[in-house]
Number of protein chains: 2
Amino acid sequence: MLFNLKDAIYKSMRVLNRLKVKAIDITIGSRYILMNIDDARRYHFKVNDRIRISYGEKTITATVGLTRKYVRSGEIGLPHLLLEELKAAEGDEVTISHVPPLISLRYIRKKMNGLKLSKDEIYCIVKDVVEHKLNEVEIAAFLLAELFKGMDLDEIEYLTRAMFETGERIEFEKPVYDKHSIGGVPGNKVSLLIVPIVAAAGLLIPKTSSKAITSASGTADTMEVLAPVEFTAEEVKEIALKVNGCIVWGGSLNLAPADDIFIRVEHMLSIDPIPQMIASIMSKKMAVNATNVVIDIPMGKGTKVETLDDAKKLATLFVTIGQRLGINVRVGITYGGQPIGHAVGPALEAKEALEALMGKGPSSLIEKSTALAGMLLEMGGIAPRGLGKAYAKEILYSGKALKKMKEIIEAQGGDPKIKPEDIPIGDKKVEIKAPCDGYVTDVDNRAITAIARAAGAPEDKGAGVYIYYKKGRKVEKGKTIMTIYAESEDKLTEAYNLALKLNPITIEGMLLAEYP
Amino acid sequence: MLFNLKDAIYKSMRVLNRLKVKAIDITIGSRYILMNIDDARRYHFKVNDRIRISYGEKTITATVGLTRKYVRSGEIGLPHLLLEELKAAEGDEVTISHVPPLISLRYIRKKMNGLKLSKDEIYCIVKDVVEHKLNEVEIAAFLLAELFKGMDLDEIEYLTRAMFETGERIEFEKPVYDKHSIGGVPGNKVSLLIVPIVAAAGLLIPKTSSKAITSASGTADTMEVLAPVEFTAEEVKEIALKVNGCIVWGGSLNLAPADDIFIRVEHMLSIDPIPQMIASIMSKKMAVNATNVVIDIPMGKGTKVETLDDAKKLATLFVTIGQRLGINVRVGITYGGQPIGHAVGPALEAKEALEALMGKGPSSLIEKSTALAGMLLEMGGIAPRGLGKAYAKEILYSGKALKKMKEIIEAQGGDPKIKPEDIPIGDKKVEIKAPCDGYVTDVDNRAITAIARAAGAPEDKGAGVYIYYKKGRKVEKGKTIMTIYAESEDKLTEAYNLALKLNPITIEGMLLAEYP
């Protein structure tokens, strides 16, 4: 110890300043508050400084914005989101203080230097993410360090547990079945078939899903077309126990609140580091108490996992982490070399899923959905090993899955009578025609996703792409091979220009006839 | 080509919407505008979307924030900074449109994948940085990709040229001498001695400097204590030609506008990737037309370059990039194993530099400053090779350097009569005492910097650390070895707590006397 006692008793009381709350009606992405410029000078705050605000038992962290006009000296302007977090109202007095340097930043740098993080260090980072102490740039650094430096099994387990422990959980008194895809293949609306099939078989499958990270539609985006997906944990439990299943958005449940923040930053960078992907999925499975989980790994050109070797490695990671967490995991490595079904984009996909539940769906969608559902039926003892898929198909073609889906839609507050033709699709559209006779030799996942996203998906529900001709199909010159739908002219134009550039569907020429 | 003519003539005109400007009095770090929620829905904007705003010939890119109250439908709220950029005033009509996906994002991802970027690709990234199209998270990804994946000589040259080409330049009609430190050692106020020495010798040294990235005070932060440092390019030229030198902030000159944005993000992450460091320095040297440059590489524990081997490699990089750019570069590898001088923090350093110019400075500061100044005197033919340092000392001790510094301070609008004792230091302070008798065996650069920053440096000019005992000095128990200065109680407490934890000065015990 370097310091003498006299120094050590130097009063280390934090200086607190009190300001009166004013509600401000501004919604911006970051957590800004507004402070009068004079107060900022007085209390030593600059624009973009972190600030700690306390009211009663609650303390939040936000970022300082300055104004002369909207907030007077002695006041602090809080947007509604932060007012709610603080449980404060206009006129209340809050105390403000500076935020000390974050220890978690040191751990992020440790990972940037390629060093292994301990359980406590990872927990510290995740906690500061959840409490909004780390900003997006700092979180980006953590995610990129994961991407570039990797994490070992211990770290992935710690990350998963930290994301689980900083969230809420739903306890079910019976075994919980679940599935999750790592994503990466467009048009992957299989959960909208798997959940009702598995639930119709009598297994409990309270599916929480995410919104799109880099895709054109996440399961939650697609389901939202048919029914609300935002519920409290209590409501989800009630819905799931009532009809044996649900398809809800995990974000609103606060099951792994760090995850949505991580996902937002991943989204900005279009990255999806593997440790984060596993922790994201498994923490949410832990949070719903899942005991048996099927993981879908779409494999092939343009997906997240391009070779069978990589897919097997990732599958092993999932199974191993599952064992460490006490979750029985089976992995389905599925063909993802082109979109599943024909439709890409929330409304188009919801429509196609509904048609498939009516027995009219494309075979790629039905084959994949029943295969994965079958694995769950086998894990649940409903079907003998090897016969799960056949059982799943039986449930689908008997109409029981459709009936179950209607129950789920109704339980979630949607209209169970909804028909595929009722679903609104973007009213701006442009058709892409085949420029020659030939066979389709490639449908490029990444190009399709980019075009659907340029058209406005997933935020614009009606935006997306419908593909008429998939790999191996013969097509004649002038036939419509693809339609782009959008809700705004701007975005349609963007998507169309992108399609011109990316050439998403390859048609290879063919000699049709020759004389004599 | 996949598409037929009929598609190709699809009208690709961008849809433009017109809104009336309203000035909003809000300063937040990011470039937010405010749009009424109803307009946002109508024009398909969501919170945090990028938006392009045009008025006359000017087009800017900003980020969408939403409000119901502050901006009515038909209006768009612009903070003053953006109003100025657009050269628009309240009531003017601007057009808004969506921003198409950025190609530069693809190049950033290419670098993230470890691939080499072409000249055009790097230019595209830098241009989108300068035009505020890339946000902080995306820029962080680029910087981290540089850090983790590196850049080769070509890429560093392209990056330097792109940062130079996207900025303004100052043309001088005679040879320009310059120096720059890569930073990393606390208390490095040598430019405040070198510039007046070199200018007093008759060489032109228009020194542009930066504000602190990860240190407690950049040269611009320190100089700002003595005189204004923000000028236009015209003004800098006038000042430099009048008194042969200046010490100004490069950021306000727009010499390499990308650099300040990069630096802001580097600051958030406390990183300083080598390609970026070289490009940052060399682009600004290009911009002032420098022909002869001395680069200071402080080397030692706790600096950016810890071994002589690494320092030599970096020196070679600087010389090679210099050759490619037509700049004659000499590198001084200097001892950076502990702070230079005793003072760390803007005001404390400015005071110490002024004292040194009066011949009363600490020897580490004077030895280093005259050595580097001497290299420039040799390059300029003022001193024969090997005698530069002696010439520099002569200029310093003759009082010519002090006289020149007063001219520079006056030319920059400061008070040339300023005395060291006039400089205000933070009025909150705490002394750290030696806990035992002994010799100082280590002064930890990183700890000193962290403590000075926690105390408020460089933003709080008066904050910092004064070190009374440096390496090798004998100290008695109870003597003050270090004082922390701050402008606020909060920050002083933070800094003090950090000092207790980090133990910045190591004193090793010593047997003073033994009886009998």
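Predicted model: local features only at pLDDT ≥ 70, side-chain atom pairs only at ≥ 80, totals over all residues.
Let me start with how the two chains are related. In general, two copies of a chain are related by a rotation about an axis and a shift along it.

Now to the contact between the chains, which takes 63 residues from chain A and 62 residues from chain B. On the chain A side, the elements that each supply at least two residues include strand E2 (32-36), strand E4 (58-67), helix H6 (136-149) and helix H11 (257-269), and also strand E13 (428-433) and helix H19 (489-502). The largest share comes from H19(A), with 8 residues. By class, this side of chain A has 29 nonpolar, 17 polar and 17 charged residues. Because 98% of the interface residues of chain A are also interface residues in chain B, the copies meet through the same surface.

Turning to the inside of one chain, the domain assignment divides chain A into domain 1 (15-98), domain 2 (177-250 + 282-420) and domain 3 (428-508). The centres of domain 2 of chain A and domain 3 of chain A, taken over C-alpha atoms, are separated by 26 Å, and 21 residues of domain 2 of chain A are in contact with 21 residues of domain 3 of chain A. On the domain 2 side of that contact, strand E12 (343-344) and helix H14 (346-357) of chain A each supply at least two residues, with H14(A) giving the most, 3 residues. The residues of that side divide into 11 nonpolar, 8 polar and 2 charged.

Finally, the barrel. Six strands of chain A form a closed barrel in the order E1-E5-E2-E4-E3-E6, with mixed pairing, and neighbouring strands are turned by 45° against each other on average, direction ignored. As one pair to look at, strand E3 (residues 50-55) and strand E6 (residues 93-98) of chain A run antiparallel over 4 bridges, and Ile53(A) has Ile96(A) as its bridge partner in E6(A).

Conventions: Residues numbered from 1 in each chain as written. Chains lettered and ligands numbered in written order. Domains from an automatic or database assignment. Contact = placed C-beta atoms within 7 Å. Nonpolar A, V, L, I, M, F, W, Y, C, P; charged D, E, K, R; others polar. Pairing = 2+ DSSP bridges. Axes fitted to C-alpha atoms, helices over the stretch in contact; angles between N-to-C directions.
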